[in-house]
Amino acid sequence: MIGFVQILRRDLRLAQRQGMDSVMAVMFFVIAVVLFPFGVGPEPNILARIAAGVIWVAALLSSMLSLERLFQTDYEDGSLELLTLSPITLEVAVLAKITAHWLTTGLPLIIAAPLLAVLLNMSVSGFPMLILALALGTPSLSLIGGVGAALILGSRRGGVLLSLLILPLYIPVLIFGVSAVDAVIGGFEAKAQLLIMAGFLLAALPLCPWAAAAALRQSVE
Amino acid sequence: MSEFSGKDLTCIRGQRRVFANLDFNLHDGGALVLIGPNGSGKSSLLRLMAGLLPAAAGAVSWDGAVTSEDPEAHGGRLHYVGHLDAVKPVLSVAENILFWASLRVGGPDLPDRVAAALEAFGILHLSDIPGRFLSAGQKRRVNLARIIAAPAPLWLLDEPTTALDRATIDALEGHIAAHRAAGGMVVVSTHSELHLEAAQKLDLAAYSAGSVTLDMDLAI
């Protein structure tokens with residue numbers, strides 16, 4: 001537990017010092033969303049109809065931006081070997097690093113999302129659900145992405161490989177995330193979608209650090 | 001009384017047998033110096049001892065218990081210094097060492113321990129300098145100060161003298177001697193001169209696949 005806190009603090013400090021990651025993720029998110037009105041035209045009804053989907057897709061892509069570097073810098077400077085050899089369980093260390101990734105890239109996206117929803121003329125009734133669905137969904141994205149980031153260590157062109165590996169796995173989160181927001185805007189309950197997303201998160205929480213740690217052990221051999 | 005030993009160790013890297021049937025045995029206060037030409041498997045043996053690399057055959061054990069069965073416990077009792085120094089460019093020297101030490105020992109005296117470790121390698125005046133401004137030798141000193149800051153009975157040092165000046169090598173010899181006097185063990189691979197009193201020497205060239213005839217075929 002002490003190890004978890006120490007690694008989390010170190011990664012947050014690293015992110016803050018060399019820290020364009022959070023800013024870049026949010027900027028990418030904003031720009032990607034802003035492109036849509038130019039592409040599909042400024043018709044308010046169309047924009048309102050696609051708002052939830054556009055925000056979710058842009059959120060997936062921007063949370064992926066800094067994933068490649070999640071373990072890469074530690075791998076290159078030898079810190080990963082030392083983490084593997086520390087008395088801290090590697091799975092716990094991985095969970096701490098993924099938590100730091102979510103705090104630095106996932107959380108800012110949740111904060112920026114309502115502003116973009118206004119831009120896309122989304123119905124105000126969907127705002128709380130958009131935030132709630134992102135809050136439940138983005139941790140799953142970081143967890144799944146952590147497995148991909150561990151698997152690509154040592155490979156060339158890892159970024160492209162990473163997106164090929166994990167974007168298909170993001171699809172369930174995307175489907176239920178968008179569906180939850182659309183249901184609320186349409187006047188229905190979204191409890192089922194939220195429960196399914198919470199289920200994803202609960203499954204990913206133990207499984208993803210376990211799989212990522214196995215991949216990391218392989219990579220330091 | 002602790003015992004660190006390996007039996008019948010075989011290492012295969014990239015379908016090539018690096019060494020085979022290698023045994024070693026270390027007790028409290030013992031030192032093992034690995035020598036041999038480039039590619040003879042000194043680093044591989046150290047990584048195998050650390051548990052970073054699984055042995056193709058044989059086992060490494062601590063007090064009779066196979067280390068790969070409890071990697072966290074093994075990690076807690078060893079310090080490994082590899083080719084890379086694990087110094088984060090944006091963290092200060094003190095923060096770098098403090099982080100690694102905090103994973104092993106807690107307590108309010110941790111900053112004092114870190115300061116003492118920095119002093120031991122003559123880099124106390126650099127403690128607030130970010131890692132990116134350090135020279136190769138200074139980074140190596142930070143990495144060595146890391147293993148002083150938190151105690152562990154087993155030191156695995158892979159070419160620790162790389163980039164170090166003579167005075168620092170002397171200091172390192174002193175710290176290794178103190179570590180052994182306190183009952184610690186050390187395994188060092190080295191090409192250059194590193195004087196260790198009463199150290200066992202292990203020449204890996206003697207275990208290389210070429211000079212050992214094996215009747216079983218281990219090739220993958």
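Analyst: This is a predicted model. In chain B, four strands form an open sheet in the order β2-β1-β4-β5, with antiparallel pairing.

User: What makes β2 (16-27) and β5 (65-66) of chain B edge strands?

Analyst: Each of β2(B) and β5(B) pairs on one side only. In the order β2-β1-β4-β5, these two strands stand at the ends.

User: Which strands does helix α1 (residues 42-50) of chain B lie across?

Analyst: Helix α1(B) lies across β1, β2 and β4 of chain B, and runs at about 125 degrees to β1(B).

User: Which strands pair with β3 (residues 31-35) of chain B, and in what sense?

Analyst: One partner is β8 (residues 185-189) of chain B, which runs parallel to β3(B) and is joined to it by four bridges. There, Leu34(B) faces Ser189(B) of β8(B). Another is β9 (residues 200-203) of chain B, again in the parallel sense and over four bridges. Ile35(B) is set opposite Asp203(B) of β9(B).

User: Where is Asn121(A) placed, and why is it called partly exposed?

Analyst: Asn121(A) is in the loop between α6 (90-119) and α7 (127-151) of chain A. The partly exposed class lies between the limits of 12 or fewer for exposed and 20 or more for buried. Asn121(A) has 16 other C-beta atoms within 10 Å, and is therefore partly exposed. Asn121(A) also has a positive phi, of about 60 degrees, although it is not a glycine.

User: How do you know that the radius of gyration of chain A agrees with a compact globule?

Analyst: For 221 residues, a compact globule would have a radius of gyration near 17 Å; chain A has 18 Å, so the value agrees. Along the principal axes, the C-alpha atoms of chain A fill a box of roughly 55 × 35 × 30 Å. Among the 221 residues of chain A, 47% count as buried. Of the contacts in chain A with a separation of 6 or more, 82% come from residues 24 or more positions apart.

User: Which secondary-structure elements make up chain A?

Analyst: Chain A has nine helices and zero strands, in the pattern α-α-α-α-α-α-α-α-α along the sequence.

User: How many residues of chain B are in contact with chain A, and what elements do they come from?

Analyst: 22 residues of chain B are in contact with 20 residues of chain A. The elements of chain B that give two or more residues to this side are α2 (71-77), β6 (78-81) and α3 (93-102). By type, the residues on the side of chain B that touches chain A divide into 12 nonpolar, six polar and four charged.

Key
Residues are numbered from 1 along each chain as its sequence is written. Chains are lettered from A and ligands numbered from 1 in the order in which they are written. This is a predicted model: local features need pLDDT of at least 70, side-chain atom pairs count only at pLDDT 80 or more; totals for chains, interfaces and linings use all residues. Two residues are in contact if their C-beta atoms, placed from the backbone, lie within 7 Å. Ala, Val, Leu, Ile, Met, Phe, Trp, Tyr, Cys and Pro count as nonpolar, Asp, Glu, Lys and Arg as charged, and the others, Gly among them, as polar. The radius of gyration is taken over C-alpha atoms; the globule rule is 2.2 Å times the number of residues to the power 0.38. Two strands pair if DSSP finds at least two bridges between them. Axes are lines fitted to C-alpha atoms, for helices over the stretch in contact, and angles run from 0 to 180 degrees between N-to-C directions.
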